[in-house]
Amino acid sequence: MLVLLPPSEGKASPGEGAPLELGSLSLPGLAAAREAVLGELVGLCAGDEEKAREVLGLSEGLRGEVAKNAGLRTAGTRPAGEIYTGVLYDALGLATLDAGARRRAAESLLVFSGLWGAVRVTDPIPSYRCSMGVRLPGLGALAGHWRAPMAEVMPEAAGDGLVLDLRSSAYAAAWKPKGEVAGRTATVRVLHAPTRKVVSHFNKATKGRMVRDLLTAGAAPEDPAALVEALRELGYVVEAEAPGKPGKAWALDVLVEQVH
């Protein structure tokens, strides 16, 4: 099982690990594309602060993120699973998983990123600020920048098993499963059962808990149909829609009563 996660806007403070080594990151086929984004981002943030803030969409209160980005090449690192914070990651609680679940997390979780393309939760990265919706002056829209290299590396990363896609739309734009891979991909919405509306905060929290429960249980569904059964066994109310034709992903709705 490969689980595709969005990152979080909020990041932990810089780590105390060795500075970034792009060559040490997972998915080495993304190295050139990573270096291109890193070079553009560091250059932008080392220059005109106001321009950088405008390009990155940062408020006055986040002005300090510009200087942080300018120092990315020498900043301390920590595992990506510690860098990403926020609702989904709080609910996932990687640090409190048992040893077996942590091992499964390291093998199965892939976090998409505007800067790195995608990283494993064990990959050492510095804290940064650069969402997938950014348009860097020398590269343009980051989702477009990542599409070609992602198309090269992701089919191999997906292997021959289930792909559980929990990304938000901005990050899903960087890679869309196609063909045979799409047929074993499941996307998930979390809906408030009485209203059948998506509630953003609880959507993220439920997805985090869902991944945690799958990892803790040692569940290894091989396809979307098996995922539906595994989630139901874990107590989730799931409605599933199989694709109407080959090459399309499954659509799963997880229904919850609470919205906060």
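**Reading a predicted model, one question at a time**

Q: In this model, is R196 buried, partly exposed or exposed, judged by its relative accessibility?
A: The model is a predicted one, and in it R196 has a relative accessibility of 41%. Buried would require a value under 20% and exposed a value over 50%.

Q: Where is R196 found, and what is its phi?
A: R196 is found in the loop between β9 and β10, the latter covering residues 197-198. Most residues other than glycine have a negative phi. R196 is not a glycine, and yet it has a positive phi of about 60 degrees.

Q: In which loop does L27 lie, and what is its phi near?
A: L27 lies in the loop between β1 (2-5) and α1 (31-46). With a relative accessible area of 13%, L27 is under the 20% limit, so it counts as buried. Its phi is positive although the residue is not a glycine, with a value near 55 degrees.

Q: How many residues apart in sequence are the parts that the pair of Y84 and Y128 ties together?
A: The structure has three aromatic pairs, and one of them is formed by Y84 and Y128, whose ring centres are 6.3 Å apart with 90 degrees between the planes, which makes the pair edge-to-face. Y84 lies in the loop between α4 (80-83) and α5 (87-92), while Y128 lies in the loop between β5 (124-125) and β6 (135-136), so the pair ties together parts whose separation in sequence is 44 residues.

Q: Which residues do ring pairs link into a cluster?
A: Y84 and Y128, which form an edge-to-face pair, are both buried. Ring pairs link these two tyrosines with two other residues, so that, by the ring-centre limit of 6.5 Å, the cluster consists of Y84, Y89, W116 and Y128.

Q: What span is expected for helix α10 at 1.5 Å a residue?
A: Helix α10 covers residues 200-217 and has 18 residues. Among its buried residues are F202, A205, M210, V211, L214 and L215, and just after the helix G218 takes a positive phi of about 70 degrees. From its first C-alpha to its last, α10 reaches 26 Å, which is close to the expected span of 26 Å.

Q: Which side chain makes a polar contact with the side chain of D165?
A: D165 has its place in strand β8, residues 163-165, and at 8% relative accessibility it counts as buried. Not counting residues up to four places away in sequence, D165 touches L4, T185, A186, T187 and V188. The polar contact of its side chain, at 2.9 Å, is with the side chain of R167.

Q: How far from a polar atom of the side chain of H192 does the backbone oxygen of E257 lie?
A: H192 is found in strand β9, residues 185-192, and it is buried with a relative accessible area of 16%. The backbone oxygen of E257 and a polar atom of the H192 side chain are separated by 3.1 Å.

How values were computed. Residues are numbered from 1 along each chain as its sequence is written. This is a predicted model: local features need pLDDT of at least 70, side-chain atom pairs count only at pLDDT 80 or more; totals for chains, interfaces and linings use all residues. Side-chain values use heavy atoms; hydrogens and water are left out. Helices (H or I, at least four residues) and strands (E, at least two) are DSSP runs, numbered from the N terminus. Buried means under 20% relative accessible area, exposed over 50%, partly exposed in between (1.4 Å probe, protein chains only). A polar contact is a pair of N or O atoms within 3.5 Å; within protein, one must be able to donate a hydrogen and the other to accept it, and residues adjacent in sequence count only if both atoms are side-chain atoms. The expected span of a helix is 1.5 Å times one less than its number of residues. Rings of Phe, Tyr and Trp (its six-membered ring) pair if their centres lie within 6.5 Å; planes under 30 degrees apart count as stacked, over 60 as edge-to-face and the rest as tilted. Contact means heavy atoms within 4.5 Å.
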